Amino acid sequence: MKQLLFFLIIISAVFFHSCSEPTPPEPMVIETGVPLSLAQRRAERFSNVRYELSFNIPESKAEPINGFVTVTFDATDISQPLILDFKVSHDPNLRISKEGQDVSFTFEKEHIIIPADHLVEGTNSFSIAFRAGDMSLNRNEDYLYTLLVPDRARTVFPCFDQPNIKARFTVHLEIPAHWKASANSRLESTNEKEETTIHHFGQSDQISTYLFAFAAGDFKEATGQRNGRSMRMLYRESDTAKVNNSLDDIFDLHAKSISWLEDYTGIPYPFEKFDFVLIPTFQYGGMEHVGNIFYREGSLMLDDGATVNQKLGRASLIAHETAHMWFGDLVTMDWFNDVWLKEVFANFMAAKIVNPSFPEINHDLRFLLAHQPSAYGEDRSEGSHPIQQPLENLKDAGTLYGRIIYQKAPVVMRQLETMIGEDNFRDGLRTYLRQFSFSNATWDDLINILDARTDLNLQQWSQVWVKEPEMPVISTSWKDKDGQIRDFVLQQEKKSTSGAYWQQQTTVSLFYPDSIHQMDVSIKGKNTKAVGLDGLPVPLAILPCSAPISYGYYRLDKQSREYLLANSPSFEDPILRGATSLALYEAFLNGEFEEKMDYFNGLMVALNEEQEPLNRQRLLSQLSTVFWQFLSQEQRELSASVLETLLWNKLQETTDPGAKRSFFNTYQSIATTEEAVSNLKAVYEERLVLVGLRLSESDRNSLATALALRLPQEADQILEKEMAATQNPDRKKYLAFVAPALSPDQSVRDAFFESLKEAQNREIEPYVGSAVSFLHHPLKAKTAIRYIRPSLELVEEIQATGDIFFPRRWIGATLGGHSSPEAAQIVRDFLAEHPDYPYRLKNKILMGADLLFRSSEGRPDS
């Protein structure tokens, strides 16, 4: 018995010991990029991160930038190695120490790996000497700037490059003495040396690595005081008139945006400073770095002849980036699969913010035309994708961006606000911002907060609208009973991928000889009966998508299409005219018009009558698209003089500077006849003065490139003359860069295209985008078709080396000038031959090819 008892004690002890042993961690698999698994593990292990960074920035861009960083953090789990992200090809300067002692490490697949025995529980601090990678430093001859979204901080310095490890940054920049600098935090002091100055910036607020930023260079400086807040702006624009015309507006628009957001969110501006930098070569419209917003200079610096659309665009851009201070910077997505969340709120809030600044604007119309047309451009394509997309590795995060995030999502969000009520929506957002301030959150976190404020099933609504691709297709049907409507139904022609139907609010408009009847309808399920329409007389036409938040392809019957095309210019309501224009354009793209010229002529009639600036600009855009991409060569030749005459006459008649500029810009873009080109040349040479139209230096640059395209034998002479006359050094560089793409010599254009295969020749992406669009302009499409296949073959590399919007812009610039079956077949063949092509990039190509596919169908000419 004693032996048995002893045996049981031994077995129990062994069993207890084995059960109490901690489970050994899974072996680490090192991958390039920042895999989700690595990011999740690090977020659990490390917190309270601080970076103290020093950069020695020489004046010559050919010299390397050496850096030094001290990374300090708290660790709770030290069972595995420390992995820092650092994406450089080779760094001979890389040295790591801890408490003055060298630390062993390995460098593998874009990661610095420090053995676990160098870690302690609690506070750790490692010092790293490194050479900064140039990939995201955007170095120009006399300035540079960082752009680190979504995963590019790791290309500049070693770090935890993921959004849910927020950190505080202290920065020291040694730069040429005549340069200026800006960073996320306030400038505390400077040390002046013989040829350089060290700028010491204090510790920043707690931010994600993609929001870290600095700029340095030969900038001009302006400051503004608004509502007790000091703002500082760095810029390079040399056109004094443009600067003087813009400065007050720029500071005012920022101040108004801040005040509106403070009131709406109930949270004062959450960061220590608010500055911005205007950069001529900036890749995006703007980037919301905390306290240090970067903008493309041309988007904010406007001359006195700016159109309403340009002014609205500037105000919306400023509101968008300012809104990010709360939505994206204060509360940040946990992982980049929810990058859309910060963008939807920035766009959604921007649409609300601009209202007080533009009381003369119809803001519902503006919302409609700023969102649905662009969103449909991608959502109707074969490359449609959900708003929220899965993301396995942060290195692919750039492929998530696009118009579905920026334009579709705000419509969806406004639908949500309509469903649950504005007060519930605002209160839910306030709770969300307070709960997750200086932290991270997911879309599901927000939906759970809002779900508690309504009886609606927001989880199901979210599944269809946010987590699944495509858009609804809706048609109408009714019975005619003795001239009266019976059983009017809105029918959804397809289900979402999960087998559900889209739920949304719309407005149905019925047109009669002397009146228009409108009714709001909540669409639910396959068939939605609009009971309130029963008994009304059968109308002349029906527009089922009359609301600013209607979304999808609403199919128009033949009678309605013909009536709306002929009569929409007489509709008094500008929203109704805008919604009609959009519905007819989608019908045209879907092949509903038997004769293309019927639609084109209808657009010209509508333009001749339209007085509303937003609708006018939309009609001009539609006319240009149809003219270049859908009309045959013969149809263009027959209609060109009619369209040019219409635009020229409108240009001469109007006294509105914004309208005059809109007409001139479109005239310049579609001019093909000898008379029109002669008019443009006379304006350029100042032999013809258009009263009320002032051409700035950038306008003259644009006109020179338009003439170079149309007068190939004079192209070199025109561009040389324009470069000599251009004063702004950045615009002079732009002209020099694009000149080979405009050359009349095919071999020069071929050599230029070949040069773009080297990444260093694609560094200034706005220049590249313009040059590629010149190569593929419709006037040169036949000679440029040879570039399509090699351009598609470059897309993967461009995604790896370029910034987030560049792959889509490269594709758009490549395909946008083509409409031939041959060009469409090249794209189809490329995708067929690459069945395993990265699916997000495949979607980008399919989106960029949408108009090409549609315009090439049935086209005999190539």
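Start with the contacts in the whole chain. Of those with a separation of 6 or more, 72% are between residues 24 or more positions apart. Keep in mind as you look around that this is a predicted model.

**Stop 1: the whole chain**

Stay zoomed out for a moment. How many helices and strands does the protein chain have? There are 30 helices and 28 strands. The C-alpha atoms fill a box of roughly 100 × 80 × 60 Å along the principal axes. For 862 residues, a compact globule would have a radius of gyration near 29 Å, and the protein chain agrees because its value is 29 Å.

The accessible surface is about 34,000 Å², and carbon and sulfur atoms own 48% of that. Buried residues make up 59% of the 862 residues.

**Stop 2**

Select C159. Is C159 buried or exposed? With a relative accessibility of 0%, C159 counts as buried. Then jump to C545, which also counts as buried, because its relative accessibility is 12% and the cut-off for buried is under 20%. While you're on cysteines, here is a bit of background: a disulfide is a covalent bond between the sulfur atoms of two cysteines. The count of disulfides in this model is 0.

**Stop 3: W260**

Select W260 and you land in helix α3, which covers residues 240-265. Which residues does W260 touch, leaving out those up to four places away in sequence? Show M349, K352 and I353 to see them. I353 is 93 residues from W260 along the chain, yet their C-alpha atoms are separated by 6.5 Å.

**Stop 4: R762**

Next, go to R762, in the loop between α22 (746-755) and α23 (765-775). At 4% relative accessibility, R762 counts as buried. Not counting residues up to four places away in sequence, the residues R762 touches include L756, K757 and V768. Also show L794, E797, I798, T801, F806 and W810, which are among the contacts of R762 too.

**Stop 5**

Select V149 and P150. What kind of peptide bond joins V149 and P150? The bond is cis, with omega about -5°. P150 sits in the loop between β9 (143-145) and β10 (167-176).

Now pick E99, in the loop between β4 (95-98) and β5 (101-102). Phi of E99 is positive, near 55°. E99 counts as exposed because its relative accessibility is 74%, and the cut-off for exposed is over 50%.

Finish at E686, in the loop between α18 (674-684) and α19 (697-710). E686 is not a glycine, but has a positive phi of about 60°. Is E686 buried or exposed? At 59% relative accessibility, E686 counts as exposed.

Note on methods. Residues numbered from 1 in each chain as written. Predicted model: local features only at pLDDT ≥ 70, side-chain atom pairs only at ≥ 80, totals over all residues. Heavy atoms only, no water. Helix = DSSP H or I, 4+ residues; strand = E, 2+ residues; numbered from the N terminus. Rg over C-alpha atoms; globule rule 2.2 N^0.38 Å. Buried < 20%, exposed > 50% of the residue type's maximum accessible area, 1.4 Å probe, protein only. Contact = heavy atoms within 4.5 Å. Areas by Shrake-Rupley, 256 points an atom, 1.4 Å probe, with all protein chains shown as cover. Disulfide = S-S within 2.5 Å.
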